[in-house]
Amino acid sequence: MEENPQPPDLKADDHPSRRYQERLLRDPGDHEAWQGLRRSYDRMAEDWREWTEDQHGYDLAVCEGLRRVRPAEWAVEICCGTGEATAAIAGAVPAVVACDLSLEMLRRRVDVPGVRWVAADVRSLPLGTGRVPLVVSLNGVFHPTEIVRVIRPGGQLLWCTSFRSGTPLYVPPERMHRLLGEGWTAEGGHAGHGEWTLFTAPGA
């Protein structure tokens, strides 16, 4: 068996999730795009966990990125799916709030001690402004306005993908950096087939 098999060809450039993400970056109020994403992940939920477990190093980028984050008393994971990266986050942070819009994904989640699971839209997170020390996402939907709102001054955002630009929801780190706004800093790297970027908010 190969130690590092090739990543799956998800035809990311033409994938519906890529198109929806681009629409949402242009217009966060595009309700049709949000509903399209939710429906697509609801449909994939039944086989999602089985599929991700077959992907070599699916959460490696998260594990590597977590080694670089500052100590945090709690973290929010957005677009958590069925919990592919949640155990790694919970192993690094004392308390985790894991959020996803898809109820079908959440119903099939793994049990991870110390995690509170919440059905939540990344456009409107049930969190106070400027309170979160660490936000983490693996293959998530990028919504910069809400991320900027919830992260505390000097807080951090760890954004990861499993297959770099081959990930359907991929947004280049340089573009994310611009969208987050002035004062943010960034560092990043690769792990397996994945990519991690650690952004730090101004005000540290």
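How do the residues of the lining of the largest pocket divide into nonpolar, polar and charged? In this predicted model, the division is 20 nonpolar, six polar and seven charged.

**Largest pocket**

- The volume of the largest pocket is about 570 Å³.
- Its lining comprises 33 residues, of which Tyr41, Met44, Trp48, Asn139 and Leu169 are the closest to the centre of the pocket.
- Helix H2, spanning residues 31-53, contributes nine residues, the largest share of this lining.

**Largest cavity**

- One cavity of 30 Å³ or more is present in the structure, and the largest cavity has a volume of about 40 Å³.
- The residues lining the largest cavity are Trp159, Cys160, Thr161, Tyr170, Val171, Pro173, Met176, Glu195, Trp196 and Thr197.
- At least two lining residues come from each of E5, helix H7 (173-180) and strand E7 (194-200).
- By residue class, the lining of the largest cavity consists of seven nonpolar, two polar and one charged.

**Glutamine 156**

- Strand E5, which runs over residues 151-161, contains glutamine 156.
- With a relative accessible area of 6%, glutamine 156 falls under the 20% limit and is therefore buried.
- A polar atom of the glutamine 156 side chain lies 2.8 Å from the backbone nitrogen of arginine 70.
- The side chain of glutamine 156 also makes a polar contact, at 2.9 Å, with the side chain of threonine 200.
- Beyond neighbours within four places in sequence, glutamine 156 is in contact with Val69, Arg70, Pro133, Leu134, Val135, Ile151, Leu198, Phe199 and Thr200.

**Valine 62**

- Valine 62 is located in helix H3 (residues 60-66).
- The relative accessibility of valine 62 is 0%, so this residue counts as buried.
- When neighbours within four places in sequence are set aside, the contacts of valine 62 are Ala85, Ala88, Ile89, Val136, Leu138, Leu158 and Cys160.
- Between valine 62 and glycine 128 the C-alpha to C-alpha distance is 25 Å, and the two are 66 residues apart in sequence.

**Cysteines**

- With 2.5 Å as the limit between cysteine sulfur atoms, the count of disulfides is zero.
- Cysteine 63 is in no disulfide, since the nearest cysteine sulfur, that of cysteine 160, is 9.0 Å away and a disulfide needs the pair to be within 2.5 Å.
- Cysteine 79 is likewise in no disulfide, and the nearest cysteine sulfur, belonging to cysteine 80, is 8.1 Å away.
- Cysteine 63 has a relative accessible area of 31% and is therefore partly exposed, whereas cysteine 79, at 17% relative accessibility, counts as buried.

**Positive phi angles**

- Most residues other than glycine have a negative phi.
- Lysine 11, although not a glycine, has a positive phi of about 50 degrees.
- The segment before helix H1 (16-26) holds lysine 11, and the relative accessible area of 55% makes lysine 11 exposed.
- Arginine 164, also not a glycine, has a positive phi of about 50 degrees.
- The loop between E5 and H7 contains arginine 164, which counts as partly exposed at 28% relative accessibility.

Technical notes. Residues are numbered from 1 along each chain as its sequence is written. This is a predicted model: local features need pLDDT of at least 70, side-chain atom pairs count only at pLDDT 80 or more; totals for chains, interfaces and linings use all residues. Side-chain values use heavy atoms; hydrogens and water are left out. Helices (H or I, at least four residues) and strands (E, at least two) are DSSP runs, numbered from the N terminus. Buried means under 20% relative accessible area, exposed over 50%, partly exposed in between (1.4 Å probe, protein chains only). A polar contact is a pair of N or O atoms within 3.5 Å; within protein, one must be able to donate a hydrogen and the other to accept it, and residues adjacent in sequence count only if both atoms are side-chain atoms. Contact means heavy atoms within 4.5 Å. On a 1 Å grid over the protein atoms alone, a cavity is a set of points where a 1.4 Å probe fits but cannot get out, and a pocket is an open set with protein on both sides within 12 Å along at least five of seven lines; lining residues have an atom within 4 Å of a point. Grid points are joined across faces, edges and corners, and a volume is the space filled by probe spheres set on the points. Ala, Val, Leu, Ile, Met, Phe, Trp, Tyr, Cys and Pro count as nonpolar, Asp, Glu, Lys and Arg as charged, and the others, Gly among them, as polar.
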